[in-house]
Amino acid sequence: MPPSTTKYTLIIPHHNSPQLLQRCLDSVPMRDDLEIIVIDDNSDPAIVNFTQFPGEDRSDTTIYFTKEGRGAGYARNVGLNHARGEWILFADADDYFYTENLIKLLDMDIPDEYDVVAYGARYVCSDKSEHWYGAYNDKEPDSTVIVDDTHIPFLYRRLVTPWIKMVKRALIQRHGIRFEEVMYGNDEVYSARVALAVKHFGKVNLPIYHYEKLSTGLVGSTDIKALMIRWDGLLLKELLIKQGGYSVYDQPLLFYDAFQEHRYRLIRCAIKEGYTLGWRKAWRDYSEYCRSHSISRIPFI
């Protein structure tokens, strides 16, 4: 087991992707100040060999096997409940770190006033196009210097994924921050709660994480129920931001990209269900949802 003076905890939820989980773990250095927590979210024994589960051969890794099947948000909360590190990092099992740059981050001296340190990721889409994401500008040289920032909207607008930043565990505990235990969109709400608890945070211009948008992943789901769960998450995020004293629409079309993405998924779902009839059914379901939640249909138009 890792020492009690653990500085970092890396939390990885996992479901039915053992080869990719192994790749992720292989990208993480073994260090005395780092513990890894893997939470298996009720994987299928026909896919995962539980007698040779990834990470069991690492002394720095603890694995929790959950049988509830309640998704990544629930699994991440299990990890938070067992974490001992001063700083919390997250990874998805089907992604990985740039090892050398992760080591640079973990070796940095972090000022005490920071509760969050943001960094960069390479975002690779299913069509193989890619771009840089998070607190990284590929036009500038890589840096090992953490710079100060107080622009809180950057945290809830741009850093909406848990794997693009590390968060001080004391902040999480002090404010009782947890993930929504839903199958989709739990990261947006978590990031809003973190942002609204922070006064100063640091950024480092360093690419550390590699994200791949897989067509088989949860993010690519076109199911109507999944879209509605994501929409609930956006509404909750909007409510939290307003309660925190920030204006959701302090920049034009703040959620435009999210709304457009949902709109395109709704159309794809309609096509999958049967073209015109599918679209009419999808729109009818969506309209009924909006009426029952007293919200406008405009963002999807």
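**Exercises on side-chain contacts**

A search of the whole structure finds 15 aromatic pairs, a pair being two rings of Phe, Tyr or Trp (its six-membered ring) with centres within 6.5 Å; planes under 30 degrees apart count as stacked, over 60 as edge-to-face and the rest as tilted. The model is a predicted one, in which local features need pLDDT of at least 70 and side-chain atom pairs count only at pLDDT 80 or more, while totals for chains, interfaces and linings use all residues. Residues are numbered from 1 along each chain as its sequence is written, and side-chain values use heavy atoms, with hydrogens and water left out.

**Exercise 1.** Classify the pair formed by the rings of Phe90 and Phe179, and locate both residues.

*Solution.* Step 1: the ring centres are 5.3 Å apart and the planes stand at 80 degrees, so the pair is edge-to-face. Step 2: Phe90 belongs to strand S4 (residues 87-90), and Phe179 to the loop between helix H5 (169-175) and helix H6 (186-197), 89 residues apart. Helices (H or I, at least four residues) and strands (E, at least two) are DSSP runs, numbered from the N terminus. Step 3: both Phe90 and Phe179 are buried, where buried means under 20% relative accessible area, exposed over 50% and partly exposed in between (1.4 Å probe, protein chains only).

**Exercise 2.** Determine which face of helix H3 is formed by its buried residues.

*Solution.* Step 1: within H3 (residues 99-106), the buried residues are Asn101, Leu102, Leu105 and Leu106. Step 2: viewed down the axis of H3, these residues fall within an arc of 140 degrees, so they line one face of the helix; the arc is taken from the directions from the helix axis to the C-beta atoms. Step 3: an α-helix has 3.6 residues a turn, so residues three or four places apart point the same way.

**Exercise 3.** Describe the salt bridge between Asp107 and Arg31 and the parts of the chain that it joins.

*Solution.* Step 1: the two side chains meet at 2.9 Å, N to O; a salt bridge requires a side-chain nitrogen of Lys or Arg within 4 Å of a carboxyl oxygen of Asp or Glu. Step 2: Asp107 lies in the loop between H3 and strand S6 (116-124) and Arg31 in the loop between helix H1 (18-26) and strand S2 (34-41), so the pair ties together parts that are 76 residues apart in sequence. Step 3: Arg31 counts as buried, at 19% relative accessibility.
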